[in-house]
Amino acid sequence: GESVGLHLPTLSVQEGDNSIINCAYSNSASDYFIWYKQESGKGPQFIIDIRSNMDKRQGQRVTVLLNKTVKHLSLQIAATQPGDSAVYFCASIIQGAQKLVFGQGTRLTINP
Amino acid sequence: DGGITQSPKYLFRKEGQNVTLSCEQNLNHDAMYWYRQDPGQGLRLIYYSQIVNDFQKGDIAEGYSVSREKKESFPLTVTSAQKNPTAFYLCASSPRGTYQPQHFGDGTRLSIL
């Protein structure tokens, strides 16, 4: 099977600083990874995804890094803003499977 | 605007009652999913459907049932057999294919009276 875990349940950063949220996965056959942002009372919102044939992918103010050797991925958010405060989930799919497996989430708090 | 609509946003159930949660999407996605989220937890898969008139059990299907009679609709029934139904229920959809992200609705919060 697959399990996905986040390293820290909570993270606080100063507004304007960069944030790094980490995630580990257990199954080396996982080949697709997604980061989601969830605000209170809402559904998860897609942020960025990455396939296992890539090490890095960039979006607007976000970068996902994938280290397949140690089965670790991270989400970097540049110049964090108050609107970035939310719970962030990583999720993965094992090659050939149809189901996403979610981690438990990291709550990011942006301090003014 | 295309999206996923879940209704109602809040739902209350008495002991012994079945309730049905609605999920409609106008994204023309083939696949649809139901997840359960408990406080401070990640999402757990209840049921999913890759195509109309077909669906599969997820990790926690006991006490739930679904139907997929139309591409755009995937209702979830929480039966009286589900002993701990209080949770936040999320519906998602995705295009066909492995490397496709799932997109979520804004959930239904179910509580027991």
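Modeller: Between them, chain B and chain A bury about 1800 Å², with 55% of it on carbon and sulfur atoms; buried area here is the accessible area (1.4 Å probe) that two parts lose on being put together, summed over both. Bear in mind that this is a predicted model, where local features need pLDDT of at least 70, side-chain atom pairs count only at pLDDT 80 or more, and totals for chains, interfaces and linings use all residues. As for bookkeeping, residues are numbered from 1 along each chain as its sequence is written, chains are lettered from A and ligands numbered from 1 in the order in which they are written, and side-chain values use heavy atoms, with hydrogens and water left out.

In terms of residues, 23 from chain B are in contact with 20 from chain A (contact means heavy atoms within 4.5 Å). The rule finds 1 salt bridge across this interface, a salt bridge being a side-chain nitrogen of Lys or Arg within 4 Å of a carboxyl oxygen of Asp or Glu. Asp59(B) pairs up with Lys99(A) in a salt bridge, their closest N and O atoms 3.2 Å apart. On chain B's side, E4 (31-37), E5 (43-51), E9 (87-94) and E10 (103-104) each supply at least two of the residues that touch chain A; strands are DSSP runs of at least two residues, numbered from the N terminus. E5(B) gives the most, with 4 residues. By type, that side of chain B splits into 10 nonpolar, 10 polar and 3 charged residues.

Now the pockets. The largest pocket holds about 510 Å³ of space. On a 1 Å grid over the protein atoms alone, a pocket is an open set of points where a 1.4 Å probe fits, with protein on both sides within 12 Å along at least five of seven lines, and lining residues have an atom within 4 Å of a point. Its lining has 26 residues, and Gln38(A), Val87(A), Arg107(A), Gln37(B) and Gly40(B) lie nearest the centre. Strands E9 (86-94) and E11 (106-111) of chain A, along with E9 and E11 (108-112) of chain B, each supply at least two lining residues. That lining divides into 9 nonpolar, 12 polar and 5 charged.

The second largest pocket has about 180 Å³ of space. Among its lining residues are Lys37(A), Phe46(A), Arg61(A), Asp84(A) and Tyr88(A). Strand E5 (residues 45-51) of chain A provides the largest share of this lining, 3 residues.

Conventions:
Nonpolar A, V, L, I, M, F, W, Y, C, P; charged D, E, K, R; others polar. Points joined across faces, edges and corners; volume = space filled by probe spheres on them.
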